[in-house]
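Please read them with the structure open.

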Amino acid sequence: MKVKDALKIGELASGKIVAGEKGIFRNVETVEVMEVPEVLNWATPGMLVLTTFYSIKDDPDKQIQVVKDLISIGAAGLVIKVGRFIDTLPEEMIAITNQHDFPIITLPKNISYINVLTPLYECLYKEKYFGQGRSENPLSKFGAMEIDSVQEALDVLSKMLNGSVYIEDNEGRLLYAAKNFTSDGWRKSTALFSLPTYQRYDEMLEEWTTKFSHTKNILFSIEGYRKQMIIPLTYKNRVFAVVHIHCINSLITDPVFQNHLEEVGNKLKDVLLKEQLYNQRKRLNDYEQMNGFLKGFDHLDQANEKNNVIIHFYSDSLNIPYSNPSLIDYEGLIRNKLMDFIEQLQIHKSQVFIFMKNRKFYALLTGIEENYSEMVQRWKNQIEAYNKLDPLRGLYVSISPYFGKGANLDTVVQSVTKIIEVGSNVKKGEYVYTYNEMGIYQFLLNLIDDPFAKQYALNFLAPLLEDKKNDLLKTLEVYLQENGNVSKSAEILFIHRRTMTYRLKKIEQLLNIDLNNSENRFILIFCLKIMKIA
């Protein structure tokens, strides 16, 4: 369907093209109502968007930005109700849409959305699924398809329905998402185990659980976002996960589509449960292989005797939920994510063993051919790119030095575990921590558990710790970091140079030391670092 055709259907026919008239030949794939400005999170190519601009009625700049975003996405056009919340459109918006042949259509304020949407949905449905010679619902063959994984199943469904598909457990944690996921009113992140951003999600989950006792699916809608169909995955009459399907609205209300939803749920349940069993078997097999490797560790050949490394992973998404018994193999999901991540690094000829110890995840990589600095840089690049796609992922790693015969693996594991704890504290904003890059901290690590070292630092700095505002301790830290430069330290602390000088004299009096003495500065730096990492 073209925009020009849509203008002849239902009450959209009362609309008026006010800009971008040459864009009437743009294809219309979907029609949605939009009352939030973050269109990049959910709009898709070919979408005809209806709005009143209610949420940004007093902000012309944001109105213009919405239009720019829709143009960049490749939307079909924008339909605006005028006379209700806005009366005129910004001149810059008109100029931009004319420049890009992006049609803007205005509607009178008395036109109801439902009288615009319903006939458009019906025409889109007929055109998409019957105009191309199809006589059956697109889901009719899904149940008979040979599908090997949950990820493949979701990607197939997503392609069939031209919308996002994902699975959450019965407490809202994300388990799987199709690759073309777009944000919606329910959730924004694809981070493993991330929770919905919908504020009342816990109440909604409880409501769904009650409804699932007498219905096979639920149509759920958040104002301003796409509708979604919620399908329960059940085992022995107990819901253990739910499927979210976003698709063309006309499909959601189609009775044929509704009849196939139960089959979709059964198919996904079978694939998911089979994958759970496979993950458990694979985990046991991996542990057997790793034990075999460790037994022969002292007999490594020369090529592998040094280039082995242990990686420790940390992220909120790696915290396995233990609160309630569940059919979900959370550890297996994490292992799969980590293995996928490592495989993307393309570390050639390296065996990889992922293992868990004290509920923390590690990977043993053996026989790495790259030199250490190249290997570390590869990890840094990969993790920065990974976290940039979705800040909620928040994946951090610590990397041991290369080791070989004679190394104690328990000691290496303890070391990388401590490095990530210390690194995240003293080097905020970084994602990768290595033993070699920790500087003096690699020596201080051995003193962390020494009660004498901690007590010494505490006693030495005690007079400064009594300052409730913490001004003196912060002043000392900055002063030492700037190598005793009073003017630079005052600038960083946003205080006058006289105030800085006063504080330094106060510190000297309280600690009974001379800050110009290099040995005293060394002691202070030592104590501050011990306090920071302990």
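1. A salt bridge here is a side-chain nitrogen of Lys or Arg within 4 Å of a carboxyl oxygen of Asp or Glu. Arginine 283 and glutamate 331 meet this criterion through their side chains, at 3.7 Å from N to O. The pair links distant parts of the chain, with arginine 283 in helix α8 and glutamate 331 in helix α9 (residues 330–344), 48 residues apart. Both arginine 283 and glutamate 331 are buried. Buried means under 20% relative accessible area, exposed means over 50%, and partly exposed lies in between (1.4 Å probe, protein chains only).

2. The model is predicted: local features need pLDDT of at least 70 and side-chain atom pairs count only at pLDDT 80 or more, while totals for chains, interfaces and linings use all residues. Residues are numbered from 1 along each chain as its sequence is written, and side-chain values use heavy atoms, with hydrogens and water left out.

3. The chain has 17 helices and 15 strands, taken as DSSP runs numbered from the N terminus (helices: H or I, at least four residues; strands: E, at least two). Of its 534 residues, 50% are buried. The whole structure holds 15 salt bridges.

4. Two salt bridges lie within single helices. In α8 (residues 255–295), lysine 282 and aspartate 286 are four residues apart, about one turn of the helix, and their side chains meet at 3.2 Å, N to O. Lysine 282 is partly exposed at 29%, whereas aspartate 286 is buried at 14%. In α6 (residues 201–211), lysine 211 and glutamate 207 are also four residues apart; their closest N and O atoms are 3.1 Å apart.

5. Aspartate 169 belongs to strand β6 (residues 165–169). Because its relative accessible area is 0%, aspartate 169 counts as buried. Its side chain makes a polar contact with the side chain of tyrosine 330 at 2.7 Å; such a contact is a pair of N or O atoms within 3.5 Å, where within protein one must be able to donate a hydrogen and the other to accept it, and residues adjacent in sequence count only if both atoms are side-chain atoms. A polar atom of the aspartate 169 side chain also lies 2.9 Å from the backbone nitrogen of glutamate 171.

6. Helix α13 (residues 451–465) contains leucine 465, which is partly exposed at 35% relative accessibility. Buried residues in α13 include Ala453, Ala457, Leu461 and Leu464.
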